[in-house]
Amino acid sequence: MSVLVILNLGNGNLSVGFPSVIVQLSTTSTSVVDKFKGSLPAAPELIEAYKKWNFLYQELSQRLRSRSALEIENEDITNVSVEAFKELCEQLETLLNSWLNSKEFHELERQLRTELDKKAEIRFLIEVDDDLTQRLPWHSWNFFKAYSKAEVALSSAENRLIPQQYRVDGQINILAILGNSQGIDVQKDRETLENLQGAKSEFLVEPKRKSLNDHLWEKSWDILFFAGHSQTEGETGRIYINKTDSLTIKDLKYALQKAVERGLKLAIFNSCDGLGLAHALGDLHIPQIIVMREPVPDLVAQEFLKYFLQEFADGKPLYLAVRSVRERLQGLEDEFPAASWLPIICQHPASVPPTWQQLRDGIESDRTDSTMPQSTTHDRSDHAIPPTSHPAIAILRHPAFVAGIASIAIASLVLGVRQMGWLQTWELQAYDQTIRLRPDEGPDPRLLIVTIDEADLQYQDRMGMERRGSLADAALNQLLKKLEPHQPRVIGLDIYRDFPVRRDQTELVNQLKQNNNFIAVCKHSDPEANDPGIKPPDEVPEDRVSFSDVVVDYDSVIRRHLWSLNANINSPCTTEVAFSLQLALHYLAAQGIKPKAIPEKRSLQLGNILLKPLETHFGGYRNLDDRGYQMLLNYRSRQVAERVSLTDVLSGKFNPNLVRNRIVIIGIIAPSVKDDYYTPYSIGRQRNQKMRGVFVQAQMTSQIIGAVLDKRPLLGVLPAWGDTLWIWGWSLVGGIIAWRIRKTLNLGLVFVVAVVTLSGICFILFINGTWMPLVPSLLALILTTGASSAAYSQFRFWCSPNKLPPSSL
C-alpha cells in the first residue's frame, strides 16, 4: 500500500513560525483523507545554525572540489575543518528535531504515527514557500527513522497538472545535456547513461541554445538530464550549457512546457545548488524533479546517478530508490561531509511518480494521484488523452494483469489438454531422453548375471546335455554346484521351467527343493490377452516362487516396475511377489532388513523406504493401467551388472569374487529366444535396440536394493496441485518475459535462457528422484510468451496516437 502525506506549513517562516500547519494523509486504496492541524513556533536558533552550516559547507566544498582524495587525506587543516563541520551537522539535526518536537506540533505528529503503517511506502511531501525552510535537512527528522520506506520531497501548493501525450514505444527516451564541464568529469555520467538497459539516451554536449530548444520542441522525452555547472540566483536557477552561454529556466519556458506536454516525466539536475532550478521547473509543472540542494562534489554526483539509475531500473519505486542511494552516499562522508544531505526530490503534488517499467511501457501513472485530497483539482484540456479512452489503453495500464490473465488462461488450457492425454507421448519421450542423458551409474556391485547365449546352447548340445528349452537339467545342476561353494546371497533363475526334472537328475531335484537361496519364476495368466500363463517348477516350494511378468506401455517400452500382483486362483502362477522383489527381500534379509506391509496405504516398507503403487493419473501418464503394485523403473545403467557366460562358469573360468555375497541371476540372451523389450535406452525400433529380459529384471532388483541400502531415489512426481502450480508458474514467467522484454532479439535471448533454465531444473530434479512436468511447462511458457508478445504488440499498435479514435485525440 502506498501512502501520500502532505505537510503544508502554510504562510510563515522560521523567524515568525508557522501558525497554521496542516497534515493531509491518504492511501492508494481509499479516497478518504485524514487531516490533522497544528502549528510550529519560531526557530531563530535554527536560522543561525543553518547559516553557520551553510557557510562552512561552502568553504569546505570549495576546498574539497579543488583537491584530489589523496591531498584531502594528507591535509591536516581540512581534517580539522571536516570534524568541526560534522559537529555542526549534528547540532543542526538536533535543533531541527527539537523544533519538530515542540508541543504545538507534537500532537499532530502523534496522530500521524497512529495512522501510518511502518511497512507502508510513504511519499512525504512538504509544502512550504520559504527558501530557508526548504533547505533544512528534513530527512534527519526522527520520524523517518521509524519508517524505512518513507522519503521526503519538497512541493508547492500548486496542483494544476499539464495534460501529457500518451506514448508507447517500449523504451525510455532520455535527453542528456552535458553542459559546461570545466573542472568536473561529466564523462562518467555519460558512461552510466550509455550502459543503461531499456533506455535510449541522446547526448547534447555543450550545446547552443537553439539546438537545445529544438530538441525539446521536436521530440518526446521521458527523462531530462543535466550535468555541468549550475547555481541558484534568488529564487531562480541558471545552467551553464557551454563555456560561454548560460540560461535560466525562464529562457527555456516554452520549450520545457512543450516537453512536458509531450510526456516529460522526470528531470534530473546532477549539478550544484539546484533548488533554484527546482522552483523554476516546478512552475512549469514538471511532475518529478531531482536536484542537489547545495554545491555537489564531482564524485558524489557521479555515484548518485549511477546507483539511482541502478536501483530505479531494477524496479524500486522512485522515492525508495532516492532514499536508498541517499543513505548509500553516507559512505563518502569521510571525504565529502554531508554527501547524503544533497539529493532531494521536488514533486508536483498532483502527480504519481512512475516506476521504471511504467516509463518504459508508456503507462501514465503520473497523470493523476488517486491519493490526492478531493479538493485538489486537475486541469485536463480537451487535447489530453484520457488514460481509459480506449479499452487497450486501460489494459496497458496494468501489464502485470495481462501477464497474469494470459498465464492462467494458457496454463488452464495446457492442463486440460494434458488431462485428456494428448501430451502423454511427448512427456514419455521426454522421460526417455532424460534417462539417456543422466550420468551412467555403472554396474551394481551386488549383482552378477549368468548369461546363456547361442554359444552356450551349442556347448550344452556338444556336452550331451539333453535340453528342454534353453537350459538342460544337467547344466542347471552343474551350474548350482559351481556357484554354491562361493556363497552367493541368492540365486534367481529367470527361465521358465513348466516341466518336471528328468528322473536321472535326482541331485537337481534335491537342490531345487532344499536350497533356500534359490528363486524360480512363473508367469500369470492374462485372459484379456489370451495368455494362459506359465506354471512354476514343481520341485520349488511356493515361498521361493515369484512371477517375472512386466508391464509394457502402449509404445512397447518398459518404464514401470511391477513388484506385486494380486493372485488369480485360475492362473497356473499364483504368487503375489515379483521376481525382482523376491531376490531383493532375500538379499536384504541377510542384513537384518525385513519387509513390513502397510495395508491402509497399500504400501510395503523396507527399512526407511516405502514402496507405493502408482495411480491412474501419475506424472505424464493418463488413464494408466495401474493393476497390481507398480512404480516407475529408475534404470541404473545400460550395463546394470557384471556378466559371465554359462560356459565359463561350467568350465570354472570365472572369478569367484564375482559370486560371493551377490545376487546371481541366470537368464537367456540368445537371439533365437524371444525375451527382449524396448526401454528408454532404445533409440528407434530395431531389435538391436532392445534390452534382454534378464537385464530388465536385474534393473528392477538393483532399484529396490539401491533405494534401501544406498538411498538411491525412487522416481516420484509432484501431487496434482504441485503440477498445477509448477505449470502455471512457468506460464507466468512467459507472460512476465513478454511484458518486460520488448525488443525481438532480447526477447529471444531471454526466452532461450528461460527454456534452458526450466530444462536444467527439471533434469536436476529428475536425477534427485522427481519427474517434473517438463513438456506441459515448456508448452505453457512458449504459448504465454508468444500470446502475450502478440497482445502487447497489438496494444501498442492501437494505442499509438494515429490509431486512437478521433474523440480521444
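## Surface and overall make-up

The protein chain exposes about 35,000 Å², of which carbon and sulfur atoms supply 52%; accessible areas come from the Shrake-Rupley method with a 1.4 Å probe, and for residues only the protein chains shown count as cover. This is a predicted model, in which local features need pLDDT of at least 70 and side-chain atom pairs count only at pLDDT 80 or more, while totals for chains, interfaces and linings use all residues. Residues are numbered from 1 along each chain as its sequence is written, and side-chain values use heavy atoms, with hydrogens and water left out.

Of the 809 residues in the protein chain, 55% are buried (under 20% relative accessible area; exposed is over 50%, and partly exposed lies in between, with a 1.4 Å probe and protein chains only). The chain has 24 helices and 27 strands, taken as DSSP runs numbered from the N terminus (helices: H or I, at least four residues; strands: E, at least two). Among contacts (heavy atoms within 4.5 Å) with a separation of 6 or more, 75% come from residues 24 or more positions apart.

## Nonpolar cores

A nonpolar core is a set of buried Ala, Val, Leu, Ile, Met, Phe, Trp, Tyr and Cys residues joined through side-chain atoms within 4.5 Å. The largest has 122 residues, and Trp-53, Trp-99 and Phe-308 have the most contacts inside it. When neighbours within four places in sequence are left aside, Trp-53 is in contact with Phe-85, Leu-88, Cys-89, Leu-92, Glu-294, Ala-338 and Trp-341. Another core, of 92 residues, lies apart from the largest one and includes Leu-508, Leu-562, Ala-578 and Leu-646.

## Aromatic pairs and charges over rings

There are 25 aromatic pairs in the structure. Rings of Phe, Tyr and Trp (its six-membered ring) pair if their centres lie within 6.5 Å; planes under 30 degrees apart count as stacked, over 60 as edge-to-face and the rest as tilted. Phe-312 and Trp-356 are edge-to-face, because their ring centres are 5.7 Å apart and their planes stand at 80 degrees. Phe-312 belongs to helix H10 (residues 298-313) and Trp-356 to helix H12 (residues 356-361), so this pair ties together parts that are 44 residues apart in sequence. Phe-312 is buried at 0% relative accessibility, and Trp-356 is buried at 3%.

One aromatic cluster is formed by Phe-105, Phe-124, Trp-141, Phe-143, Phe-144 and Tyr-147. A charge sits over a ring if NZ of Lys or CZ of Arg is within 6 Å of the ring centre and within 35 degrees of the ring normal. The charged end of Arg-328 is placed in this way over Tyr-307, 3.5 Å from the ring centre. Arg-489 lies over the face of Tyr-587, with 4.3 Å to the ring centre.

## Salt bridges

The whole structure contains 39 salt bridges (a side-chain nitrogen of Lys or Arg within 4 Å of a carboxyl oxygen of Asp or Glu). In the bridge between Glu-466 and Arg-502, the closest N and O atoms are 2.9 Å apart. Glu-466 lies in the loop between helix H16 (454-462) and helix H17 (473-483), and Arg-502 in the loop between strand E16 (490-493) and helix H18 (506-514), so the pair ties together parts that are 36 residues apart in sequence. Glu-466 is partly exposed at 48% relative accessibility, as is Arg-502 at 28%.

Asp-555 and Arg-559 meet in a salt bridge with an N to O distance of 2.7 Å, and Arg-559 is buried at 1% relative accessibility. Through shared partners, salt bridges join Asp-432, Asp-553, Asp-555, Arg-559 and Arg-560 into one network.
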